[in-house]
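Here is a colleague's note on two local features. Please read it beside the model.

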Amino acid sequence: MEVDLFSLLNEPLLLLFIILFLGSLLGQAKIKGVSLGTSGVLLVAMLFGHFGYQISPTVQNLGLSLFIVAVGLQAGPRFFRMMRSSGIIFGIIGIFIVLMAAVTTIIVAKMFHLSPALSIGLMTGALTSTPGLAAALQATNDPLASVGYGIAYPFGVIAVVLFVQLLPRMLNVDLVKDLKEKDDPARTEGSPEVMTIEVNHSSVHKRTLKELKFNRYKSVVISRVIRGDRNIIALNDTVILIGDRLVAVGLRPDLEELCHDIGKEVRSDFSNSDHVQLRKVVVDSEEMIGKSLRELELRRRYGVTVTRMERGGFEFNQSSKWRLERGDTLTLVSSEDRLNSIEKLFSKKTLTVTNVHIFSLSLILLIGIGVGMIPVHLPHLGTITFGVAGGPLFVALIIGHFGKLGPVRARYFQPSNQVIRDIGLVLFLAGAGTTAGQGIVEVVQREGVSLLIGGALITIVPIICGFFIARKFFQLSMVHSLGALCGGLTSTPGLGAVNQLIDSEDPSIAYAAAYPFALILVAIISQVLVFFL
(Lines give C-alpha, C1' and ligand atoms only; values in the text may rest on other atoms or scores of the structure.)
Protein backbone atom coordinates (compact mmCIF):
# COMPACT_ATOMS: atom_id res chain seq x y z
CA MET A 1 0.00 0.00 0.00
CA GLU A 2 1.44 3.31 -1.07
CA VAL A 3 1.80 6.02 1.52
CA ASP A 4 1.27 9.62 0.36
CA LEU A 5 3.99 11.70 2.02
CA PHE A 6 1.92 14.87 1.87
CA SER A 7 -1.08 13.21 3.51
CA LEU A 8 1.17 12.18 6.42
CA LEU A 9 1.82 15.86 7.07
CA ASN A 10 -1.84 16.22 8.00
CA GLU A 11 -1.10 14.13 11.09
CA PRO A 12 -0.50 16.88 13.75
CA LEU A 13 2.18 15.09 15.76
CA LEU A 14 4.10 13.97 12.68
CA LEU A 15 4.01 17.49 11.25
CA LEU A 16 5.24 18.95 14.55
CA PHE A 17 8.24 16.65 14.83
CA ILE A 18 9.19 17.03 11.16
CA ILE A 19 9.30 20.80 11.68
CA LEU A 20 11.33 20.41 14.90
CA PHE A 21 13.77 18.02 13.24
CA LEU A 22 14.36 20.10 10.10
CA GLY A 23 14.41 23.35 12.10
CA SER A 24 16.98 22.11 14.60
CA LEU A 25 19.06 20.74 11.72
CA LEU A 26 19.03 24.16 10.05
CA GLY A 27 19.76 25.88 13.36
CA GLN A 28 22.90 23.81 13.93
CA ALA A 29 24.45 24.81 10.60
CA LYS A 30 27.22 27.37 11.12
CA ILE A 31 28.60 30.01 8.77
CA LYS A 32 31.78 31.67 10.07
CA GLY A 33 30.93 30.35 13.52
CA VAL A 34 27.43 31.94 13.54
CA SER A 35 24.28 29.82 13.60
CA LEU A 36 20.53 30.48 13.70
CA GLY A 37 20.01 28.27 16.75
CA THR A 38 16.38 27.65 17.64
CA SER A 39 15.26 30.32 15.17
CA GLY A 40 15.87 27.68 12.50
CA VAL A 41 12.64 26.09 13.75
CA LEU A 42 10.80 29.37 13.11
CA LEU A 43 12.06 29.63 9.52
CA VAL A 44 11.21 26.00 8.67
CA ALA A 45 7.78 26.41 10.28
CA MET A 46 7.15 29.53 8.16
CA LEU A 47 7.95 27.48 5.06
CA PHE A 48 5.44 24.80 6.04
CA GLY A 49 2.91 27.48 6.92
CA HIS A 50 3.26 28.97 3.46
CA PHE A 51 2.08 25.65 2.00
CA GLY A 52 -0.96 25.59 4.27
CA TYR A 53 0.19 23.37 7.16
CA GLN A 54 -0.68 24.51 10.68
CA ILE A 55 0.38 23.68 14.25
CA SER A 56 -2.40 23.85 16.83
CA PRO A 57 -2.64 27.17 18.77
CA THR A 58 -2.85 25.09 21.95
CA VAL A 59 0.61 23.64 21.26
CA GLN A 60 1.92 27.15 20.56
CA ASN A 61 0.51 28.59 23.81
CA LEU A 62 1.73 25.62 25.85
CA GLY A 63 5.23 26.12 24.51
CA LEU A 64 5.04 29.86 25.10
CA SER A 65 3.99 29.54 28.74
CA LEU A 66 6.66 26.91 29.51
CA PHE A 67 9.38 28.99 27.87
CA ILE A 68 8.37 32.21 29.62
CA VAL A 69 8.17 30.57 33.06
CA ALA A 70 11.64 29.05 32.62
CA VAL A 71 13.04 32.46 31.66
CA GLY A 72 11.37 34.12 34.64
CA LEU A 73 12.57 31.54 37.15
CA GLN A 74 16.12 31.86 35.85
CA ALA A 75 16.15 35.67 35.79
CA GLY A 76 14.26 36.27 39.07
CA PRO A 77 17.10 35.97 41.63
CA ARG A 78 19.54 38.01 39.57
CA PHE A 79 17.01 40.66 38.51
CA PHE A 80 16.06 41.83 42.01
CA ARG A 81 19.62 41.50 43.35
CA MET A 82 20.93 43.82 40.63
CA MET A 83 18.51 46.53 41.72
CA ARG A 84 20.23 46.67 45.12
CA SER A 85 23.79 46.97 43.81
CA SER A 86 25.93 49.19 41.62
CA GLY A 87 25.40 46.53 38.94
CA ILE A 88 22.17 48.43 38.24
CA ILE A 89 24.34 50.44 35.81
CA PHE A 90 24.30 47.47 33.45
CA GLY A 91 20.54 47.20 33.87
CA ILE A 92 20.13 50.88 32.98
CA ILE A 93 22.17 50.31 29.81
CA GLY A 94 19.93 47.36 28.91
CA ILE A 95 16.81 49.47 29.45
CA PHE A 96 18.27 52.33 27.39
CA ILE A 97 19.02 50.00 24.47
CA VAL A 98 15.46 48.66 24.42
CA LEU A 99 13.99 52.17 24.62
CA MET A 100 16.18 53.28 21.71
CA ALA A 101 14.99 50.25 19.73
CA ALA A 102 11.37 51.21 20.49
CA VAL A 103 11.89 54.83 19.36
CA THR A 104 13.65 53.65 16.19
CA THR A 105 10.79 51.22 15.54
CA ILE A 106 8.24 54.03 15.69
CA ILE A 107 10.28 56.10 13.24
CA VAL A 108 10.77 53.14 10.87
CA ALA A 109 7.05 52.27 11.01
CA LYS A 110 6.07 55.86 10.08
CA MET A 111 8.78 56.15 7.44
CA PHE A 112 7.90 52.94 5.58
CA HIS A 113 4.19 52.81 6.48
CA LEU A 114 4.47 49.39 8.14
CA SER A 115 1.67 47.79 10.15
CA PRO A 116 2.00 47.68 13.96
CA ALA A 117 2.42 43.89 14.05
CA LEU A 118 5.09 43.91 11.36
CA SER A 119 6.94 46.80 13.03
CA ILE A 120 6.98 45.23 16.49
CA GLY A 121 8.01 41.92 14.96
CA LEU A 122 10.96 43.66 13.31
CA MET A 123 11.98 45.12 16.67
CA THR A 124 11.89 41.76 18.47
CA GLY A 125 13.87 40.17 15.64
CA ALA A 126 16.42 42.97 15.65
CA LEU A 127 16.83 42.45 19.41
CA THR A 128 16.81 38.63 18.91
CA SER A 129 14.17 38.46 21.65
CA THR A 130 11.80 35.50 21.45
CA PRO A 131 9.89 36.56 24.62
CA GLY A 132 9.38 39.90 22.88
CA LEU A 133 7.92 38.11 19.85
CA ALA A 134 5.60 36.18 22.16
CA ALA A 135 4.38 39.41 23.74
CA ALA A 136 3.99 41.01 20.30
CA LEU A 137 1.81 38.15 19.09
CA GLN A 138 -0.29 38.41 22.25
CA ALA A 139 -0.69 42.18 21.92
CA THR A 140 -1.41 42.38 18.18
CA ASN A 141 -3.07 39.00 17.62
CA ASP A 142 -1.51 39.21 14.17
CA PRO A 143 0.89 36.57 12.70
CA LEU A 144 2.71 39.32 10.78
CA ALA A 145 4.75 39.87 13.95
CA SER A 146 6.44 36.52 13.29
CA VAL A 147 7.19 37.57 9.71
CA GLY A 148 8.95 40.72 10.92
CA TYR A 149 10.87 38.72 13.52
CA GLY A 150 12.02 36.14 10.98
CA ILE A 151 13.27 38.81 8.57
CA ALA A 152 15.13 40.94 11.13
CA TYR A 153 16.58 38.13 13.26
CA PRO A 154 19.50 36.99 11.02
CA PHE A 155 20.85 40.52 10.62
CA GLY A 156 20.34 41.11 14.37
CA VAL A 157 22.60 38.16 15.17
CA ILE A 158 25.30 38.92 12.60
CA ALA A 159 25.44 42.70 13.25
CA VAL A 160 26.10 42.32 16.98
CA VAL A 161 28.77 39.64 16.45
CA LEU A 162 30.61 41.77 13.86
CA PHE A 163 30.32 44.94 15.96
CA VAL A 164 31.86 43.47 19.13
CA GLN A 165 34.64 41.78 17.17
CA LEU A 166 35.63 44.69 14.93
CA LEU A 167 35.15 47.73 17.20
CA PRO A 168 38.07 47.07 19.61
CA ARG A 169 40.37 46.60 16.60
CA MET A 170 39.10 49.74 14.87
CA LEU A 171 39.60 51.81 18.04
CA ASN A 172 42.92 50.03 18.78
CA VAL A 173 41.96 49.31 22.40
CA ASP A 174 44.09 47.04 24.61
CA LEU A 175 41.23 45.20 26.33
CA VAL A 176 43.26 43.91 29.31
CA LYS A 177 44.88 47.28 30.04
CA ASP A 178 41.59 49.13 29.55
CA LEU A 179 39.81 46.75 31.94
CA LYS A 180 42.37 47.35 34.70
CA GLU A 181 42.19 51.14 34.32
CA LYS A 182 38.40 51.41 34.61
CA ASP A 183 36.22 50.98 37.69
CA ASP A 184 34.28 47.73 37.99
CA PRO A 185 30.59 48.47 38.68
CA ALA A 186 29.98 44.77 39.32
CA ARG A 187 31.55 45.15 42.74
CA THR A 188 28.91 45.49 45.45
CA GLU A 189 29.01 46.79 48.97
CA GLY A 190 29.34 43.16 49.96
CA SER A 191 32.40 42.56 47.82
CA PRO A 192 35.35 41.54 50.02
CA GLU A 193 38.85 42.99 50.03
CA VAL A 194 42.21 41.47 50.90
CA MET A 195 44.51 42.96 53.56
CA THR A 196 47.83 41.70 54.87
CA ILE A 197 48.28 42.56 58.57
CA GLU A 198 51.59 42.24 60.44
CA VAL A 199 51.04 41.19 64.06
CA ASN A 200 52.84 43.39 66.64
CA HIS A 201 50.55 43.20 69.70
CA SER A 202 51.68 40.95 72.53
CA SER A 203 48.06 40.02 73.35
CA VAL A 204 48.01 37.91 70.17
CA HIS A 205 51.37 36.18 70.69
CA LYS A 206 51.28 32.35 70.98
CA ARG A 207 47.50 32.08 70.79
CA THR A 208 45.52 29.99 68.29
CA LEU A 209 43.04 31.44 65.82
CA LYS A 210 40.26 29.70 67.72
CA GLU A 211 41.34 31.35 70.99
CA LEU A 212 41.59 34.78 69.34
CA LYS A 213 37.96 34.58 68.16
CA PHE A 214 38.49 36.72 65.08
CA ASN A 215 34.90 35.94 64.07
CA ARG A 216 33.87 38.86 66.28
CA TYR A 217 35.03 41.05 63.40
CA LYS A 218 31.96 39.81 61.51
CA SER A 219 33.04 39.50 57.86
CA VAL A 220 36.75 38.80 58.43
CA VAL A 221 38.29 35.42 57.65
CA ILE A 222 42.02 34.61 57.89
CA SER A 223 43.03 32.63 54.81
CA ARG A 224 46.76 32.08 55.51
CA VAL A 225 49.59 33.00 57.85
CA ILE A 226 52.94 34.15 56.38
CA ARG A 227 55.90 33.48 58.70
CA GLY A 228 59.21 34.52 57.21
CA ASP A 229 59.20 32.93 53.75
CA ARG A 230 56.70 30.24 54.78
CA ASN A 231 52.99 30.17 54.02
CA ILE A 232 50.85 28.37 56.60
CA ILE A 233 47.24 27.36 55.99
CA ALA A 234 45.07 29.16 58.55
CA LEU A 235 43.22 26.57 60.66
CA ASN A 236 41.53 26.84 64.04
CA ASP A 237 44.59 25.40 65.84
CA THR A 238 47.13 27.58 63.98
CA VAL A 239 49.30 29.46 66.53
CA ILE A 240 49.94 33.15 65.84
CA LEU A 241 53.28 34.76 66.74
CA ILE A 242 54.45 38.37 66.81
CA GLY A 243 55.87 39.21 63.37
CA ASP A 244 53.46 36.91 61.52
CA ARG A 245 51.61 38.42 58.58
CA LEU A 246 47.95 37.44 58.40
CA VAL A 247 46.22 37.45 55.04
CA ALA A 248 42.69 38.58 55.91
CA VAL A 249 39.65 38.78 53.63
CA GLY A 250 36.54 40.79 54.49
CA LEU A 251 34.80 44.13 54.30
CA ARG A 252 37.03 47.21 54.60
CA PRO A 253 35.59 48.54 57.94
CA ASP A 254 36.00 45.13 59.63
CA LEU A 255 39.53 44.71 58.24
CA GLU A 256 40.55 48.14 59.52
CA GLU A 257 39.19 47.34 62.99
CA LEU A 258 41.14 44.07 63.11
CA CYS A 259 44.28 45.82 61.88
CA HIS A 260 43.98 48.47 64.61
CA ASP A 261 43.63 45.78 67.31
CA ILE A 262 46.52 43.47 66.38
CA GLY A 263 49.07 45.27 64.21
CA LYS A 264 49.56 47.24 61.01
CA GLU A 265 48.76 46.85 57.32
CA VAL A 266 51.71 45.86 55.12
CA ARG A 267 52.20 45.22 51.42
CA SER A 268 50.66 41.96 50.22
CA ASP A 269 53.11 39.36 48.91
CA PHE A 270 51.57 35.96 48.27
CA SER A 271 54.58 34.28 46.67
CA ASN A 272 55.34 31.05 48.55
CA SER A 273 57.15 27.75 48.31
CA ASP A 274 54.77 25.85 50.60
CA HIS A 275 52.16 25.08 47.93
CA VAL A 276 49.37 27.02 49.65
CA GLN A 277 46.94 27.59 46.81
CA LEU A 278 43.86 29.61 46.03
CA ARG A 279 41.22 27.94 43.88
CA LYS A 280 37.70 28.74 42.69
CA VAL A 281 35.30 25.83 43.00
CA VAL A 282 31.80 25.72 41.49
CA VAL A 283 29.01 24.14 43.54
CA ASP A 284 27.55 21.37 41.39
CA SER A 285 26.68 18.58 43.82
CA GLU A 286 23.12 17.80 44.78
CA GLU A 287 24.25 16.96 48.31
CA MET A 288 25.64 20.47 48.81
CA ILE A 289 22.58 22.37 47.56
CA GLY A 290 20.76 24.19 50.36
CA LYS A 291 23.46 23.63 52.99
CA SER A 292 25.19 26.50 54.79
CA LEU A 293 28.92 26.90 55.31
CA ARG A 294 28.31 26.56 59.04
CA GLU A 295 26.81 23.09 58.51
CA LEU A 296 29.64 21.98 56.21
CA GLU A 297 32.43 23.03 58.65
CA LEU A 298 34.98 23.07 55.83
CA ARG A 299 37.81 24.48 57.93
CA ARG A 300 37.43 21.94 60.78
CA ARG A 301 36.70 18.86 58.66
CA TYR A 302 38.78 19.47 55.57
CA GLY A 303 41.33 22.16 56.46
CA VAL A 304 39.97 24.51 53.81
CA THR A 305 39.10 28.20 54.22
CA VAL A 306 36.36 29.93 52.21
CA THR A 307 37.37 33.56 51.60
CA ARG A 308 34.64 34.78 49.25
CA MET A 309 31.60 33.68 47.26
CA GLU A 310 30.14 34.50 43.86
CA ARG A 311 26.57 34.17 42.64
CA GLY A 312 25.09 35.44 39.39
CA GLY A 313 28.42 37.02 38.42
CA PHE A 314 28.62 39.11 41.62
CA GLU A 315 31.11 38.64 44.42
CA PHE A 316 30.14 38.64 48.10
CA ASN A 317 31.90 38.28 51.43
CA GLN A 318 31.76 34.74 52.81
CA SER A 319 28.98 34.13 55.31
CA SER A 320 28.43 31.10 57.53
CA LYS A 321 24.66 31.46 56.99
CA TRP A 322 24.91 31.51 53.16
CA ARG A 323 22.94 28.58 51.77
CA LEU A 324 24.51 27.16 48.65
CA GLU A 325 22.84 27.05 45.27
CA ARG A 326 23.96 25.18 42.18
CA GLY A 327 26.36 27.40 40.26
CA ASP A 328 27.71 29.31 43.28
CA THR A 329 31.48 29.83 43.08
CA LEU A 330 33.55 29.57 46.26
CA THR A 331 37.11 30.92 46.55
CA LEU A 332 39.06 28.44 48.69
CA VAL A 333 42.54 28.50 50.22
CA SER A 334 44.43 25.35 51.28
CA SER A 335 47.00 22.84 50.06
CA GLU A 336 46.66 21.24 46.64
CA ASP A 337 45.61 17.81 47.90
CA ARG A 338 42.95 19.29 50.21
CA LEU A 339 41.62 21.49 47.42
CA ASN A 340 41.45 18.49 45.10
CA SER A 341 39.40 16.62 47.70
CA ILE A 342 37.02 19.51 48.33
CA GLU A 343 36.60 20.08 44.58
CA LYS A 344 35.45 16.48 44.20
CA LEU A 345 33.03 17.02 47.08
CA PHE A 346 31.40 20.02 45.42
CA SER A 347 31.48 18.72 41.85
CA LYS A 348 30.31 15.21 42.69
CA LYS A 349 27.85 14.04 40.08
CA THR A 350 24.72 12.07 40.88
CA LEU A 351 22.27 10.25 38.69
CA THR A 352 19.72 13.00 39.30
CA VAL A 353 20.18 15.72 36.70
CA THR A 354 16.69 17.22 36.83
CA ASN A 355 14.40 18.13 39.69
CA VAL A 356 11.30 19.56 38.04
CA HIS A 357 8.51 19.87 40.58
CA ILE A 358 5.35 19.36 38.50
CA PHE A 359 3.01 20.61 41.24
CA SER A 360 4.97 23.87 41.57
CA LEU A 361 5.37 24.35 37.81
CA SER A 362 1.64 23.82 37.25
CA LEU A 363 0.69 26.23 40.02
CA ILE A 364 3.08 28.92 38.76
CA LEU A 365 1.58 28.58 35.26
CA LEU A 366 -1.96 28.65 36.64
CA ILE A 367 -1.36 31.79 38.68
CA GLY A 368 0.63 33.41 35.87
CA ILE A 369 -2.01 32.87 33.21
CA GLY A 370 -4.63 34.15 35.66
CA VAL A 371 -2.59 37.32 36.27
CA GLY A 372 -2.12 37.68 32.51
CA MET A 373 -5.89 37.86 32.04
CA ILE A 374 -6.29 40.85 34.40
CA PRO A 375 -6.86 44.06 32.39
CA VAL A 376 -4.42 46.89 33.11
CA HIS A 377 -5.56 50.43 32.29
CA LEU A 378 -2.94 52.81 30.90
CA PRO A 379 -4.04 56.47 31.19
CA HIS A 380 -4.67 58.13 27.81
CA LEU A 381 -3.61 54.95 26.00
CA GLY A 382 -6.11 52.21 26.69
CA THR A 383 -6.25 48.82 28.38
CA ILE A 384 -3.84 45.93 27.96
CA THR A 385 -3.46 42.47 29.45
CA PHE A 386 -0.14 40.76 30.07
CA GLY A 387 -1.50 37.62 28.43
CA VAL A 388 0.05 34.15 28.30
CA ALA A 389 3.50 35.72 28.00
CA GLY A 390 3.57 38.62 30.47
CA GLY A 391 1.54 37.07 33.31
CA PRO A 392 3.66 33.92 33.77
CA LEU A 393 6.86 35.99 33.37
CA PHE A 394 5.81 38.40 36.13
CA VAL A 395 4.81 35.62 38.54
CA ALA A 396 7.90 33.51 37.75
CA LEU A 397 10.19 36.48 38.43
CA ILE A 398 8.72 36.96 41.91
CA ILE A 399 8.65 33.28 42.84
CA GLY A 400 12.09 32.74 41.28
CA HIS A 401 13.45 35.53 43.49
CA PHE A 402 12.25 33.87 46.71
CA GLY A 403 13.01 30.34 45.51
CA LYS A 404 10.26 28.82 47.62
CA LEU A 405 6.86 30.14 48.67
CA GLY A 406 4.92 27.70 50.81
CA PRO A 407 4.61 24.47 48.84
CA VAL A 408 5.83 26.12 45.61
CA ARG A 409 9.45 25.31 44.77
CA ALA A 410 11.13 27.30 42.02
CA ARG A 411 14.89 26.69 42.27
CA TYR A 412 15.34 23.96 39.68
CA PHE A 413 18.75 22.68 38.67
CA GLN A 414 20.11 24.32 35.54
CA PRO A 415 19.52 21.20 33.38
CA SER A 416 15.88 21.15 34.50
CA ASN A 417 15.33 24.78 33.64
CA GLN A 418 17.09 24.27 30.30
CA VAL A 419 14.80 21.37 29.40
CA ILE A 420 11.65 23.36 30.20
CA ARG A 421 12.92 26.40 28.32
CA ASP A 422 14.12 24.59 25.18
CA ILE A 423 11.03 22.41 24.77
CA GLY A 424 8.73 25.37 25.37
CA LEU A 425 10.66 27.55 22.92
CA VAL A 426 10.63 25.15 19.96
CA LEU A 427 6.92 24.36 20.45
CA PHE A 428 6.12 28.06 20.47
CA LEU A 429 8.27 28.79 17.39
CA ALA A 430 6.73 25.90 15.47
CA GLY A 431 3.22 27.26 16.07
CA ALA A 432 4.12 30.91 15.49
CA GLY A 433 6.03 30.04 12.32
CA THR A 434 3.28 28.06 10.61
CA THR A 435 0.79 30.84 11.36
CA ALA A 436 3.12 33.54 10.02
CA GLY A 437 4.06 31.53 6.95
CA GLN A 438 0.58 31.87 5.44
CA GLY A 439 1.20 35.43 4.27
CA ILE A 440 4.96 35.74 4.25
CA VAL A 441 5.46 35.69 0.48
CA GLU A 442 2.93 38.45 -0.14
CA VAL A 443 4.39 40.59 2.65
CA VAL A 444 7.97 40.19 1.43
CA GLN A 445 6.96 40.96 -2.17
CA ARG A 446 5.15 44.08 -1.04
CA GLU A 447 7.50 45.37 1.67
CA GLY A 448 10.75 43.51 0.97
CA VAL A 449 13.33 46.31 0.82
CA SER A 450 11.56 48.35 3.50
CA LEU A 451 11.63 45.41 5.91
CA LEU A 452 15.34 44.79 5.39
CA ILE A 453 16.28 48.46 5.84
CA GLY A 454 13.93 48.86 8.79
CA GLY A 455 15.24 45.78 10.57
CA ALA A 456 18.83 46.90 10.01
CA LEU A 457 18.12 50.37 11.45
CA ILE A 458 16.41 48.93 14.53
CA THR A 459 19.54 46.84 15.16
CA ILE A 460 22.24 49.41 14.34
CA VAL A 461 20.85 52.51 16.11
CA PRO A 462 20.53 50.84 19.58
CA ILE A 463 23.99 49.25 19.17
CA ILE A 464 25.68 52.61 18.54
CA CYS A 465 23.67 54.53 21.16
CA GLY A 466 24.06 51.78 23.76
CA PHE A 467 27.82 51.62 23.30
CA PHE A 468 28.10 55.41 23.51
CA ILE A 469 26.15 55.62 26.78
CA ALA A 470 28.16 52.75 28.32
CA ARG A 471 31.56 54.00 27.24
CA LYS A 472 31.20 57.78 27.46
CA PHE A 473 28.47 58.42 30.02
CA PHE A 474 29.14 55.59 32.50
CA GLN A 475 32.87 55.44 31.68
CA LEU A 476 32.87 51.64 31.51
CA SER A 477 35.73 49.56 30.16
CA MET A 478 35.47 48.29 26.60
CA VAL A 479 34.89 44.75 27.90
CA HIS A 480 32.07 45.77 30.26
CA SER A 481 30.55 48.01 27.56
CA LEU A 482 30.43 45.21 24.99
CA GLY A 483 29.11 42.70 27.55
CA ALA A 484 26.32 45.06 28.62
CA LEU A 485 25.57 45.78 24.96
CA CYS A 486 25.09 42.06 24.24
CA GLY A 487 22.87 41.75 27.31
CA GLY A 488 20.75 44.74 26.28
CA LEU A 489 20.34 43.22 22.81
CA THR A 490 19.75 39.76 24.39
CA SER A 491 22.43 38.43 22.05
CA THR A 492 24.07 35.24 23.30
CA PRO A 493 26.12 34.83 20.06
CA GLY A 494 27.43 38.35 20.65
CA LEU A 495 28.55 37.42 24.16
CA GLY A 496 30.33 34.37 22.74
CA ALA A 497 32.21 36.66 20.35
CA VAL A 498 33.29 38.97 23.21
CA ASN A 499 34.48 36.01 25.29
CA GLN A 500 36.78 35.06 22.42
CA LEU A 501 38.49 38.47 22.66
CA ILE A 502 39.59 38.23 26.31
CA ASP A 503 40.08 35.49 28.89
CA SER A 504 37.91 37.04 31.59
CA GLU A 505 34.52 36.58 33.26
CA ASP A 506 33.79 40.32 33.05
CA PRO A 507 31.85 40.23 29.73
CA SER A 508 29.56 37.53 31.12
CA ILE A 509 29.02 39.50 34.34
CA ALA A 510 27.96 42.61 32.40
CA TYR A 511 25.77 40.50 30.09
CA ALA A 512 24.10 38.71 32.99
CA ALA A 513 23.35 42.04 34.70
CA ALA A 514 21.84 43.77 31.63
CA TYR A 515 20.00 40.77 30.17
CA PRO A 516 17.08 40.41 32.65
CA PHE A 517 16.20 44.11 32.43
CA ALA A 518 16.24 44.06 28.63
CA LEU A 519 14.34 40.77 28.50
CA ILE A 520 11.50 42.02 30.69
CA LEU A 521 11.29 45.47 29.12
CA VAL A 522 11.11 44.07 25.58
CA ALA A 523 8.08 41.98 26.63
CA ILE A 524 6.41 45.07 28.10
CA ILE A 525 7.35 47.47 25.29
CA SER A 526 6.11 45.00 22.67
CA GLN A 527 2.61 45.37 24.11
CA VAL A 528 2.68 49.10 24.86
CA LEU A 529 4.14 49.98 21.45
CA VAL A 530 0.84 49.08 19.79
CA PHE A 531 -0.62 52.36 21.07
CA PHE A 532 2.08 54.43 19.34
CA LEU A 533 1.96 52.81 15.88
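1. Asp 244 is buried, at 2% relative accessibility. Arg 227 is partly exposed, with a relative accessible area of 26%. Buried means under 20% relative accessible area, exposed over 50%, and partly exposed in between, with a 1.4 Å probe and protein chains only.

2. This is a predicted model, in which local features need pLDDT of at least 70 and side-chain atom pairs pLDDT 80 or more, while totals for chains, interfaces and linings use all residues. Residues are numbered from 1 along each chain as its sequence is written, and side-chain values use heavy atoms, leaving out hydrogens and water.

3. Arg 227 and Asp 244 form a salt bridge, with the closest N and O atoms 2.8 Å apart. The term requires a side-chain nitrogen of Lys or Arg within 4 Å of a carboxyl oxygen of Asp or Glu. Arg 227 sits in strand 5 (residues 221–227), and Asp 244 lies 17 residues away in the loop between strand 7 (239–240) and strand 8 (245–250). Strands are DSSP runs of E, at least two residues; helices are runs of H or I, at least four; both are numbered from the N terminus.

4. Now the helix pair. The axes of helix 5 (residues 88–112) and helix 19 (residues 478–488) come within 8 Å and cross at roughly 50°. Axes are lines fitted to C-alpha atoms over the stretch in contact, and angles run from 0 to 180 degrees between N-to-C directions.

5. Which residues of helix 5 meet helix 19? Phe 90, Ile 93, Gly 94, Ile 97 and Val 98 do, against His 480, Ala 484, Leu 485 and Gly 488. Contact means heavy atoms within 4.5 Å.
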